[in-house]
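Here is a brief report on a single chain. It covers the fold, the surface, the aromatic rings and a few individual residues.

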Amino acid sequence: MMDSCCDDKESELAQLRGRQARVLYIVLAINALMFVVEFSAGWILNSTALLGDSLDMFGDALVYAISLFVLHRGTRARAGAALLKSGFLLLFSLLIIAEAVRKSLLGVVPEASWMGLIGFMALAANLSCLLLLYTHRSDDINMSSTWLCSRNDVIANLSVLAAAGLVMFTESFWPDLIVGVCLALLYLHSSVQVGRKAWPQWRRGDVPPADCCVGEGEVQAQASSAGCCGSSAKKS
């Protein structure tokens, strides 16, 4: 009875992961494309804020790629993927901070109108991802954190639009520089935090689950709500 129950739950979990994967592939493509657009535009338009906000797209693309990669993998694979994300974010954050220092010395003022246009595109992209992820926000902790990240990213997009408006109003590079450096420092801090948490997990490796009803958080949650694995195990 318990084995049949757990088999059913594994089938339901596989279907859930299939639906999650379709959504994650779409938002991955959106964020990867917008990273290329925003990073390139930031470099061409001399906008540190756009470069900093492109880290948001880059980080999200990595999160979605990692979420897809670890859907059917263990703790060590998840930790390794998180370490990879940490390294890339660290590298790009330092690059943007170095570029900000160079621009402050040269006093380069970005193109505010184009900066605002790209900022609106990034905001539209994040809102689209937010809508796509909305129905899966309560599926499991992985999808919940992914949805929350996308929701918080809208704030970064709005800060870029505010910087564009201030650059246009003041004709100064400082609003763009300040917003860009703040975003880069935010992701620099995130990369360090992710790396510190992932490294011990990667070193420990995978811990095998005790039985079919223990190990996957999603299986536990769904089985508990159905009253199946827990109650059946007691009756056996």
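## Report on the chain

At 46% relative accessibility, C182 counts as partly exposed. The classes are buried for under 20% relative accessible area, exposed for over 50%, and partly exposed in between, with a 1.4 Å probe and protein chains only. C129 is buried, with a relative accessible area of 0%. The whole structure holds 0 disulfides, a disulfide being a pair of cysteine sulfur atoms within 2.5 Å.

This is a predicted model, in which local features need pLDDT of at least 70, side-chain atom pairs count only at pLDDT 80 or more, and totals for chains, interfaces and linings use all residues. Residues are numbered from 1 along each chain as its sequence is written, and side-chain values use heavy atoms, with hydrogens and water left out.

**Fold and surface.** The chain has 8 helices and 0 strands. Its pattern along the sequence is α-α-α-α-α-α-α-α. Helices (H or I, at least four residues) and strands (E, at least two) are DSSP runs, numbered from the N terminus. Of the 236 residues, 44% count as buried. Contact means heavy atoms within 4.5 Å. Among contacts with a separation of 6 or more, 82% join residues 24 or more positions apart. The chain exposes about 12300 Å², and carbon and sulfur atoms supply 66% of that area. Accessible areas come from the Shrake-Rupley method with a 1.4 Å probe; for residues, only the protein chains shown count as cover.

**Aromatic rings.** There are 9 aromatic pairs in the structure. The rings of F35 and F58 lie with centres 4.9 Å apart and planes at 40°, so this pair is tilted. It links distant parts of the chain: F35 sits in helix α1 (residues 2–44) and F58 in helix α2 (residues 48–69), 23 residues apart. Rings of Phe, Tyr and Trp (its six-membered ring) pair if their centres lie within 6.5 Å; planes under 30 degrees apart count as stacked, over 60 as edge-to-face and the rest as tilted. Both F35 and F58 are buried. Ring pairs also link F35, F39, W43, F58, F88 and F92 into a cluster.

**A61.** Helix α2 also contains A61. A61 touches L28, N31 and A32, leaving aside residues up to four places away in sequence.

| Residue | Relative accessibility | Class |
|---|---|---|
| C129 | 0% | buried |
| A61 | 10% | buried |
| C182 | 46% | partly exposed |
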